[in-house]
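I opened this notebook to keep a record of what I looked up, in the order in which I looked it up. I begin with the structure itself.

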Amino acid sequence: MEPAAATMLSGRRALPILLAVFALLAAAVTVSARGGAERAPTLVFILAGQSNMGGRGGATSGNRWDGVVPPECAPSPRTLRLSPSLRWEEAREPLHAGVDAGNVVGVGPGMPFAHALLRSPACPRGAVVGLVPCAQGGTPIANWSRGTEMYERMVARARVAGAGTGRVAALLWFQGEADTMRREDALAYAGRMEAFVRDVRRDLALPNLLVIQGWDRDGAVAGE
């Protein structure tokens, strides 16, 4: 297996591995709780891919989001998002508002992921999760190669997110359907994904960055 793919994990297997990573991060975690100052996360997660990551829950009819927020997606003072203007704010659905341009966005997987981590006994005490929305609906993986607008925006946002008290713990990747339309794209996907992971790790100077890749229930890489 290529080194770039060695720590790429499917969504089903990722959470236990990520919780083990918490044990290594715990000693380095410090909580920013300055009165009146902008809150900052201690554990940062990049959210990238296409519409399944961007969030389409409740936004599938009438060209608008229905505004319904399930309990597992409710806001929490311990979950922040990096806004389009690169400021930390309390995370609320839709997480990708102002980021997934030109699309109607709704509920996605980011908030349930954050809540699951914070509920775990393995999560460092006092941790604050920072979510960095970067997804863009309808994009094939070629649009995420090094030098493209999507890739460079993601890297720029990730650098800002990791520049403070937070540690970039993982990249959550949920993409793929746009690459199933043509056989040549499907056959090239594995190589493009491995190149994407190598480039992200290099450009963020995180050679062991955990990459959690979303899958659908049939075992195929999921996306739009």
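**Entry 1, helix H4.** I note at the outset that this is a predicted model.

Next I asked which residues of H4 are buried. I found Met150, Tyr151, Met154, Val155, Arg157, Ala158 and Ala161. These residues cover an arc of only 165 degrees around the axis, and therefore they sit on the same side of H4. I recalled the general rule that an α-helix has 3.6 residues a turn, so that residues three or four places apart point the same way.

I then looked up the partners of the buried residues of H4, and I listed strand S2 (43-49), strand S3 (79-82), strand S4 (88-90), strand S5 (129-133) and strand S6 (167-174), together with helix H5 (183-203).

Turning to charged side chains, I noted a count of 9 salt bridges. One of them pairs Asp203 with Arg146, with the closest N and O atoms 2.7 Å apart. Because Asp203 belongs to helix H5 while Arg146 belongs to the loop between S5 and H4, this pair ties together parts that are 57 residues apart in sequence. I checked accessibility as well: Asp203 has 14% relative accessibility and counts as buried, since the cut-off for buried is under 20%, whereas Arg146, at 46%, is partly exposed. I also noted that Arg146, Asp199, Arg202 and Asp203 are linked in a network of salt bridges.

Which residues form a salt bridge with Asp185? I found Arg182, where the closest N and O atoms are 3.0 Å apart, and Arg192, where they are 3.3 Å apart. Asp185 is itself buried, with a relative accessible area of 11%, but Arg182 is partly exposed at 46%, and Arg192 is also partly exposed, with a relative accessible area of 33%.

Conventions. Residues numbered from 1 in each chain as written. Predicted model: local features only at pLDDT ≥ 70, side-chain atom pairs only at ≥ 80, totals over all residues. Heavy atoms only, no water. Buried < 20%, exposed > 50% of the residue type's maximum accessible area, 1.4 Å probe, protein only. Helix = DSSP H or I, 4+ residues; strand = E, 2+ residues; numbered from the N terminus. Arc of directions from axis to C-beta. Contact = heavy atoms within 4.5 Å. Salt bridge = Lys/Arg side-chain N within 4 Å of Asp/Glu carboxyl O.
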